[in-house]
Amino acid sequence: MKSNKKGPSLANIKTVVIVYRPESPAALKFSSDVTTWLQKNKLTVWSHPDQKIPEVPKLKMSQLAKVDLVVVLGGDGTYLQAVQMLGQHNAPILGANMGSLGFLTDIRKEDIFLALDLTLKNQMELRPRAMIDVKIKRAGKIVIESRALNDVVIERGPFSHLINLSIFSQNHLVNEVKADGLVISTPTGSTAYNLAAGGPILHPEVKSVVVTPICPHALTNRPIIFPDDQTLTFKISNKKQRAFLAVDGRNAGDLRANDEVMISRSQCDRWMIKKPSVNYFDLLREKLKFGER
């Protein structure tokens with residue numbers, strides 16, 4: 001499936017939504033500071049629909065099409081919350097790190113006002129990141145639909161036994177895996193759960209999806225990289241087993257025998273705002289200590 005590369009513009013930004021790390025009083029306070037700065041620059045400011053910033057109206061979902069910019073104040077989990085909020089709307093996201101790792105929110109807190117100023121002057125870069133669509137088919141009907149920037153995880157949850165999963169690519173059987181589960185990751189998500197499970201790091205511009213077993217029973221089960229124009233399908237092989245589905249860390253429902261989990265490249269990308277000087281490998285070395293001994 002081809003991606004829609006027609007992206008947003010940083011010219012003529014008028015409306016901004018702020019999403020802050022909900023469990024952080026410091027992030028809430030800083031969101032008020034950012035709001036004041038934006039309003040002084042004659043911008044309309046809304047908060048996330050489920051968050052409250054003093055004297056700032058909450059975004060209504062019917063207003064999403066009017067959003068020109070999203071500012072995230074938090075960590076990667078907060079960034080993914082903003083992605084979920086936007087749905088298929090392509091407003092770009094500027095992320096300032098107020099969490100722990102901050103791989104997606106790579107701008108330092110103390111640099112946010114400079115980054116905002118450069119954004120409003122159209123001097124930052126827009127970089128697309130591929131997303132994946134996931135559909136659950138049950139008895140011939142689609143019962144769950146969602147979209148992920150990082151990953152989709154099929155896991156055994158609280159059940160004690162490993163689960164048997166069949167992997168199909170374009171309806172061709174790839175193999176059967178007995179494991180705690182599978183991580184199906186985008187290049188962006190390759191540095192998250194996929195990496196922790198032993199999967200490879202994918203450059204964000206690589207057109208691929210990686211499937212990584214979680215604690216597989218057999219040593220021959222290894223991560224597999226697929227081209228992202230293929231549809232991948234996953235099924236529970238053992239009819240007595242159940243599993244759970246997580247999309248970007250959110251519980252998306254339970255899986256039963258005979259359910260089909262279908263994953264394909266999304267037609268809409270997520271647009272990230274970056275400094276022109278930002279290099280992906282610099283980010284790997286800074287955030288993940290890549291290459292250090």
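**Exercise 1. Decide whether Cys268 is buried or exposed, and then count the disulfides.**

Solution. Cys268 has a relative accessibility of 14% and therefore counts as buried, where buried means under 20% relative accessible area, exposed over 50% and partly exposed in between, computed with a 1.4 Å probe on protein chains only. Cys215, with a relative accessible area of 52%, is exposed. For the count, recall that a disulfide is a covalent bond between the sulfur atoms of two cysteines. The rule used here asks for a pair of cysteine sulfur atoms within 2.5 Å, and by this rule the count comes to zero disulfides.

Before going on, note that this is a predicted model, in which local features need pLDDT of at least 70 and side-chain atom pairs count only at pLDDT 80 or more, while totals for chains, interfaces and linings use all residues. Residues are numbered from 1 along each chain as its sequence is written, and side-chain values use heavy atoms, with hydrogens and water left out.

**Exercise 2. Describe how strand β1 is covered, and find which strands pair with β1.**

Solution. Helices (H or I, at least four residues) and strands (E, at least two) are DSSP runs numbered from the N terminus. Begin with the burial of β1, a strand that is mostly covered, since six of its six residues are buried. In a regular strand the side chains alternate between the two faces of the sheet. In β1, Thr15, Val17 and Val19 point one way, whereas Val16, Ile18 and Tyr20 point the other way.

Next come the partners, with two strands said to pair if DSSP finds at least two bridges between them. Strand β1 (residues 15-20) pairs with strand β2 (residues 44-47) in the parallel sense over four bridges, and in this pair Val16 stands opposite Val45.

**Exercise 3. Explain why strand β12 is called largely enclosed, and follow its pairing to Thr212.**

Solution. Strand β12 (residues 181-185) is largely enclosed by the rest of the structure because five of its five residues are buried. Gly181, Val183 and Ser185 point one way from β12, and Leu182 and Ile184 point the other way. Strand β9 (residues 151-155) runs antiparallel to β12 and is joined to it by five bridges, with Val153 as the bridge partner of Val183. Strand β13 (residues 208-214) also pairs with β12 in the antiparallel sense, again over five bridges, and Ile184 stands opposite Val211.

Strand β13 contains Thr212, a residue that is buried at a relative accessible area of 0%. The side chain of Thr212 makes a polar contact with the side chain of Asn194 at 2.6 Å. A polar contact is a pair of N or O atoms within 3.5 Å; within protein, one must be able to donate a hydrogen and the other to accept it, and residues adjacent in sequence count only if both atoms are side-chain atoms.

**Exercise 4. State in what order the strands of the six-strand open sheet lie, and which are its edge strands.**

Solution. The order is β8-β7-β18-β15-β10-β11, and the pairing is antiparallel. The edge strands are β8 (141-148) and β11, each of which pairs on one side only. Within this order, β10 pairs with strand β15 (residues 232-236) over five bridges, and Ile167 stands opposite Phe234.

**Exercise 5. Find where Asn171 and Asn258 lie, and describe their phi angles.**

Solution. Asn171 lies in the loop between β10 (163-169) and β11 (172-179), and Asn258 in the loop between β17 (250-255) and β18 (260-265). Most residues other than glycine have a negative phi. Asn171, however, has a positive phi of about 70 degrees, and the phi of Asn258 is likewise positive, near 80 degrees. Asn171 counts as exposed because its relative accessibility is 69%, and Asn258 counts as exposed at 57%.
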